[in-house]
Amino acid sequence: MNPRIVALLGSPLADGNTAKLLKRSVAGAEAAGCDVQMIHVTELELSACREHYFCKNNTTCLMEDDVTPLYPVLRDMDSLIIATPVMTMGIPGHLKSFMDRFQVFFCAKYVRKDRLVEKEKRKIRRTLLLSISGMNLPENFDGVVLSTRSFCDVIDCRYDDELLIRDMDTKKDLDLFPDLMESAYQKGYRLGGLLTGAYHDQEKC
């Protein structure tokens, strides 16, 4: 069985620049020998966390919606790609609400001290963040990166790599920047290749 990667698209634009980056990254991961499950987060019917804390004593959420069947998917995956635009200097609402619903993993890890992700899988799981920002400011990605790092810690899938592209209001269309699209492909290939052995991390050689 091939390693399994989950790819989360946080943009509502299925053919937008964020989606283009994600598709190239997914192509790289698949070329490295992985199976990738794409999840269009904005198409999910979900409610934001209501702090019922049912998850303090249970391995799922009290609320049942489109997030419910995805708990085992993110528990059993081998790595993760998150692709998101920057909105109001942070992660857009639907994706952020999706992340917040993983209090299920937080409570298992930090309250009950009984992690949902198996020890051996925790060793190999990595996250690649792809993000674009319309503006060109030094702090464009601060909010996105902080929230993503926290989410990665909660689900035991360490924050490992990133491709952050600013000034998209000027660039307009990433198809006009083949170097950036190639970078997305190579980062996806690296993520998948570290799982399959197709890529060897030079820093560890």
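Guide: One term to start: buried means under 20% relative accessible area. Keep in mind that this is a predicted model.

Visitor: Fine. Which residues of β3 point one way, and which the other way?
Guide: Ser79, Ile81, Ala83 and Pro85 point one way. Leu80, Ile82 and Thr84 point the other way. All are buried.

Visitor: So how much of strand β3 is buried?
Guide: Seven of the seven residues, 79-85. The strand is therefore largely enclosed by the rest of the structure.

Visitor: Which strand do five bridges join to β3?
Guide: Strand β1, residues 4-9, and the two run parallel. Ile5 stands opposite Ser79 there.

Visitor: And how many bridges pair β3 with β4?
Guide: Six, again in the parallel sense. β4 covers residues 126-132. Its Leu128 is the bridge partner of Ile81.

Visitor: Switching to the surface. Which residues form the nonpolar patch?
Guide: Phe106, Tyr110 and Val111. Together they have about 230 Å² of accessible area.

Visitor: Where does Tyr110 lie?
Guide: In helix α4, residues 103-111. Tyr110 is partly exposed, at a relative accessible area of 33%.

Visitor: Which one gives the largest share?
Guide: α6, with four residues.

Notes:
Residues are numbered from 1 along each chain as its sequence is written. This is a predicted model: local features need pLDDT of at least 70, side-chain atom pairs count only at pLDDT 80 or more; totals for chains, interfaces and linings use all residues. Side-chain values use heavy atoms; hydrogens and water are left out. Patches are made of residues with over 30% relative accessible area and no salt bridge: like charges are joined within 9 Å, nonpolar side chains (Val, Leu, Ile, Met, Phe, Trp, Tyr) within 5 Å. Accessible areas come from the Shrake-Rupley method with a 1.4 Å probe; for residues, only the protein chains shown count as cover. A salt bridge is a side-chain nitrogen of Lys or Arg within 4 Å of a carboxyl oxygen of Asp or Glu. Buried means under 20% relative accessible area, exposed over 50%, partly exposed in between (1.4 Å probe, protein chains only). Two strands pair if DSSP finds at least two bridges between them.
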